[in-house]
Every structure is written in structure tokens, then in C-alpha cells.
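Dear colleague,

Please find below the structure for your files. My notes on its charged side chains follow it.

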Amino acid sequence: EWVVRSPAEVDGLLRRGAETRATAATAANDASSRSHAVFCLTFEQSEASGGGEACPRGSVFRSSKLNLVDLAGSERLRVSGASGQRLEECKYINGSLAALGNVVAALTSGTARHVPYRDSKLTRLLADSLGGNCKTTMIACVAAASMAETVSTLKFASRARHVHNSARINEQIDQRTKLQSLEVELTRLRAVLVEREQSVGDSRRFVQAEAERQQAFAERERAEAQVERAEAERRRAEAERLSALRQLEARSREVLQEKAANALLAEQIARMEDEHEALVEGEGEAAGQVDEMAETVAELQRIVAERDAALVRLREEATARQRRLSELEDALDRKTAQLIHTQRLQVERREAAAEAAA
């Protein structure tokens with residue numbers, strides 16, 4: 001491991017690693033890589049965050065890692081013709097590639113409970129790049145010389161495409177900085193709370209206004225119902241008054257008829273009295289005819305008595321009818337007073353309803 005502080009130093013290390021990489025000739029390739037090349041860069045950043053008296057200065061520490069990996073291609077012994085040292089190198093290369101394929105298969109199967117990262121040094125180094133906290137880009141190199149190798153490489157690349165990584169920022173914050181960020185978040189939440197309280201207050205005022213409107217509407221309906229009831233009472237009182245007036249008119253006609261009958265009866269009585277006086281005056285002159293007229297006089301007296309009795313009866317009936325007429329007039333006066341009182345109540349109710357509606 002080396003500590004570098006400039007891009008030039010990084011480039012120098014990269015060139016030094018490329019120079020020391022082992023290559024050798026095989027039957028398949030004149031400059032075949034005999035090992036994998038892994039170049040790991042770790043970046044560290046420390047950032048100071050400003051504060052005040054309430055929150056002193058703190059620091060934020062971030063770290064990231066860059067892996068540049070050049071994998072050696074898998075080799076078939078019958079194609080490469082490796083032997084001796086090259087054969088041992090081929091075993092190590094194929095073993096690490098097989099371990100890498102097993103890791104990819106476990107990550108993409110969805111049913112594996114264990115991912116064999118520890119089966120090789122290569123998979124341990126690339127653990128973050130395979131389903132970890134990294135963004136991984138893979139370039140698969142193929143050649144038309146070997147169809148089987150090309151198909152195998154494409155299958156491996158297809159499986160690797162389905163590996164899901166969860167990249168996130170590697171950041172460590174000290175307690176002072178965390179306190180400062182929490183205070184900022186608390187201030188934001190308080191502002192949100194104030195806004196929501198204002199919106200809740202507006203909603204409450206709206207609900208209160210709606211309740212008042214509904215209450216006013218209900219009071220208006222009650223006032224209209226009272227007005228309708230008062231109008232019905234007025235119509236009923238008007239009907240009763242008209243009925244009473246018709247009864248009074250009918251009774252008045254009866255009274256007038258009775259008065260006319262009484263006047264006719266009085267004329268008959270007066271005429272009979274005149275006839276009686278004439279008969280009494282003619283008694284002296286018709287003394288000789290007394291016996292003959294006795295029966296006539298008795299009959300006349302009987303008739304006069306009957307007429308007197310009828311006259312008394314008619315006078316009693318006239319008196320009773322006059323009394324009945326007085327009672328009807330009193331009842332009419334009471335009904336008229338009740339109607340005036342009802343109309344006054346209706347006017348007062350209308351005024352009250354108008355004030356309530358306003």
C-alpha cells in the first residue's frame with residue numbers, strides 16, 4: 001500500500017503495476033496474462049463544517065474506493081497446451097474465475113443463503129463490487145477464434161448484469177456536526193409544524209363558518225316553518241271569520257223575517273182590535289141583534305183570545321230571537337277580536353323571522 005497525494009503519483013503506481021504483471025506465451029496467445037491485475041484506490045476526504053457559539057465547528061469524514069480489475073482469461077489445457085509452471089498458473093486462474101462465477105450465480109439465483117466470497121482472494125477483494133456498496137462496470141472481451149470461450153464469456157456477462165448493488169455515501173460525522181444537522185432538521189420540522197397548524201386553523205375556521213351557515217340555514221327553515229304555520233292559522237281564522245259572518249247574515253235574515261212577521265201580526269192584531277171596538281160600539285145600536293150575534297161575538301172573542309195568545313207567543317219568540325241576535329253579535333265581536341289578535345301575532349312573527357333571516 002502507498003499513500004499518494006496527486007494524480008501523477010497514482011499514474012506512476014499504475015505504470016509500475018503494469019510493468020510487474022506476469023505474461024507468458026502459450027499455444028493460444030503469445031502474451032497471455034498469467035495472473036489477474038487488481039488496482040485499488042482508496043480516497044479519503046475530511047471536511048470541516050462551520051458552526052456558532054451554540055454549535056461549535058465539527059468535521060465530516062468521507063471515504064470511497066475504486067477498483068480497477070483486469071481478469072485473466074480462462075484457459076483450456078487442450079487449447080493452451082500449458083505445462084509445468086504455466087499449468088499451475090492456469091489452475092489458479094481458472095479456480096479464481098470459477099469462484100467468481102459461483103459468487104455471481106449465488107447473487108443472481110435469489111434462493112442462495114450463502115455467498116462464497118471467501119473461496120478466493122479475488123472474490124474477497126471484489127466483495128464490495130459484487131452486490132455491495134459500489135457501482136460496477138464490466139467489459140467482456142470476446143474473440144472469434146474460440147466460439148466456446150466466447151459463449152461462456154457472454155453467459156457470464158449476462159449473469160453479472162443481474163447483480164444488484166446498493167451504492168451509498170460512506171460518511172462519518174462527529175457528534176458536534178450531527179448535533180448541528182439535527183438542530184437544522186428540528187428548525188425545518190418546526191416550520192412545517194407551524195404551517196400545518198396554520199392550515200389546521202384555517203380548516204377549523206372553515207368548519208366553524210360552515211357550521212354557522214348550516215345553523216343559520218336551519219334557523220331560516222324554522223322561521224319559514226313558523227311563518228307557514230302562522231299563515232295557516234291566519235287562513236283558518238279567516239275561514240272561521242267568514243263562516244261566522246255567513247252565519248250572522250243568515251241569522252240576520254231570520255231576524256228580519258221574524259220582524260216582518262211580527263209587524264204583520266201586529267197589523268192583524270190592530271185590525272182585530274178595531275173590529276172589536278167597532279163591535280162593542282155597535283152593541284147599543286144592534287141590541288135587537290144581540291142574541292143573534294151572541295154566538296158571533298163569542299166566536300170573535302175566542303178568535304181574539306187566540307189572536308192574543310198568538311201575539312204573546314210571537315212577542316216571546318221575538319224577544320228570544322232578539323236575545324239570540326245579541327248573543328250572535330257578541331260572539332262575532334269576540335271572533336273579530338281573536339282575528340285581530342291573531343293578525344297581530346302573525347305580523348310580530350313575520351318581523352321576528354325577517355330579523356332572524358337578516
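Glu-306 is partly exposed, at a relative accessible area of 46% (buried means under 20%, exposed over 50%, partly exposed in between; 1.4 Å probe, protein chains only). Glu-306 forms a salt bridge with Arg-302, their closest N and O atoms being 2.7 Å apart (a side-chain nitrogen of Lys or Arg within 4 Å of a carboxyl oxygen of Asp or Glu). The two residues are about one helical turn from each other because they lie four residues apart in helix α7 (helices are DSSP runs of H or I, at least four residues, and strands runs of E, at least two, numbered from the N terminus).

The model is predicted: local features need pLDDT of at least 70 and side-chain atom pairs 80 or more, while totals for chains, interfaces and linings use all residues. Residues are numbered from 1 along each chain as its sequence is written, and side-chain values use heavy atoms, without hydrogens and water.

The protein chain has seven helices and five strands, and 18% of its 358 residues count as buried.

The count of salt bridges comes to 12. Glu-233 pairs with Arg-349 at 3.4 Å, N to O; this pair links distant parts of the chain, with Glu-233 in helix α6 and Arg-349 in helix α7 (residues 290-357), 116 residues apart. Within helix α6, Glu-231 and Arg-234 are three residues apart, and their salt bridge has its closest N and O atoms 2.5 Å apart.

Yours sincerely
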